[in-house]
Amino acid sequence: MNLVEKPSNFNPDQPLTKADSHSPTVMPVATGRRPTTKTIGKNADGVLAVIQGFEKQWKWRLSFRDVPDIQSLFEVLEEDSKNPKAAVVRGALRGHVDPDGIIHLRKDVSRWGDTAHFEECPRNWLMIDIDKQPLDGIDLINTPVKTVKRAIGKFLPDCYQDVSFVWQLSSSAGLKDDGLLSIHIWFILDRPVWQDELKTYHVLKAPAVDPRPFQTVQVHYIAAPIFEDGIKDHLSKRIGLVRLDKAEVSLPVLPPEAVASAYRTIGKGPTGSVHGFEEKLKFLGDGEGLSRFHDVLIAAASSYVYGKFEWEID
């Protein structure tokens, strides 16, 4: 599939347009002028290694894919990952932007003016980025699906368990046996979700997940690595679809106040310098380095209930 073609589930008589970029099920695919992946070859010691990393770039071409379900999400990712210059972005194009022109991955209008081409848009899909997290028994060559399932069980909350997903290995996966896992896991959500809610929920409930891909213009790297001449891919499979009992993630709805204050420091003085109920209580009492009682108890209690749902508070 090249950039102007559409996945098989599209009606060729009704191609996606810029207006469709705000649809929750649409996935914008950006194509750069240079590769959006790493180049793998042999280093001076004759060992497989990353020879060339990602190249920064600011000018892109854009097209749109429709991914209403996990099957179409898999098909789009599988095809577009073959393009070494392809990437995905969450945001939607602003009204004045020509979708056939050069696209800038910018959102801040106050800084960039009319060259801020994107605005926030809730999506029904998301990518979970687990980057260099410790996991026992990683085997991406022989049992990648089992490895990913164990990662989901360890790093993701209950709403992700037993949900169908697309897994995609990072471009440098399998080069080092260091016990650290780097992987992208894609899901379909049962409702469109904005970036602030995604970031807040995962910071609170899945701290091992990198929250940056939830940002409006953060590049999602999907391209398979480039291999130097004569080098064969050491992994037999880099992307796959796993169907489980549930088709979509039912992400709990966060209280609006939790989203609004997601990164606020709770507590003043010494209690504001530490995080967590127990850590704040260590400042309770009179004496040197302590903060008496009232302020400490308020900060500790606030920290305990912060970001929790009613049924999680005992």
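## Overall make-up

Of the 314 residues in the chain, 46% count as buried, buried being under 20% relative accessible area, exposed over 50% and partly exposed in between, with a 1.4 Å probe and protein chains only. This is a predicted model, in which local features need pLDDT of at least 70 and side-chain atom pairs count only at pLDDT 80 or more, while totals for chains, interfaces and linings use all residues. Residues are numbered from 1 along each chain as its sequence is written, and side-chain values use heavy atoms, with hydrogens and water left out.

The chain has seven helices and 14 strands; helices (H or I, at least four residues) and strands (E, at least two) are DSSP runs, numbered from the N terminus. Among contacts (heavy atoms within 4.5 Å) between residues at least 6 apart in sequence, 74% join residues at least 24 apart.

## The largest pocket

The largest pocket has a volume of about 1100 Å³. Of the 48 residues that line this pocket, S170, S171, S172, A173 and S182 are the closest to its centre. A pocket is found on a 1 Å grid over the protein atoms alone, as an open set of points where a 1.4 Å probe fits, with protein on both sides within 12 Å along at least five of seven lines; lining residues have an atom within 4 Å of a point. Grid points are joined across faces, edges and corners, and the volume is the space filled by probe spheres set on the points.

At least two lining residues come from each of β3 (48-52), β9 (123-134), β10, β11 and β12 (220-221). By class, the lining holds 22 nonpolar, 13 polar and 13 charged residues. Ala, Val, Leu, Ile, Met, Phe, Trp, Tyr, Cys and Pro count as nonpolar, Asp, Glu, Lys and Arg as charged, and the others, Gly among them, as polar.

S171 sits in the loop between β10 (165-169) and β11 (180-193). S171 counts as buried because its relative accessibility is 8%. Beyond its neighbours within four places in sequence, S171 is in contact with T37, K38, I40, F54, P225 and R238.

## The second largest pocket

The second largest pocket has a volume of about 370 Å³. Sixteen residues line this pocket, and Q57, L105, V217, V219 and Y221 lie nearest its centre. Its lining has nine nonpolar, four polar and three charged residues.

Q57 is also a contact of R33, together with K59, K85 and I102, when residues up to four places away in sequence are not counted. R33 belongs to the loop between β1 and β2 (39-42). With a relative accessible area of 51%, R33 is exposed.

## Helix α1 and strand β11

Helix α1 covers residues 70-80, and its buried residues are I70, S72, L73, F74, V76, L77 and D80. An α-helix has 3.6 residues a turn, so residues three or four places apart point the same way. The buried residues of α1 pack against β1 (26-32), β4 (59-66), β5 (86-88), β10, β11 and β14 (239-242). At the start of α1, a side-chain oxygen of D69 reaches to within 3.3 Å of the backbone nitrogen of Q71.

F187 is in strand β11 and is buried, at 0% relative accessibility. Not counting residues up to four places away in sequence, F187 touches L73, N124, W125, L126, I128, I152, L156, Y160, V163, S164, F165 and V249. L73 in that list is one of the buried residues of α1. F187 and L126 are 61 residues apart along the chain, and their C-alpha atoms are separated by 5.7 Å.

## Cysteines and backbone angles

With a disulfide taken as a pair of cysteine sulfur atoms within 2.5 Å, the count is zero. C121 is buried at 2% relative accessibility, and C159 is buried with a relative accessible area of 12%.

Two residues other than glycine have a positive phi: K132, near 55°, and D162, about 65°. K132 lies in strand β9 and counts as exposed, at 54% relative accessibility. D162 is in the loop between α3 (144-155) and β10; at 46% relative accessibility, D162 counts as partly exposed.

How values were computed: A polar contact is a pair of N or O atoms within 3.5 Å; within protein, one must be able to donate a hydrogen and the other to accept it, and residues adjacent in sequence count only if both atoms are side-chain atoms.
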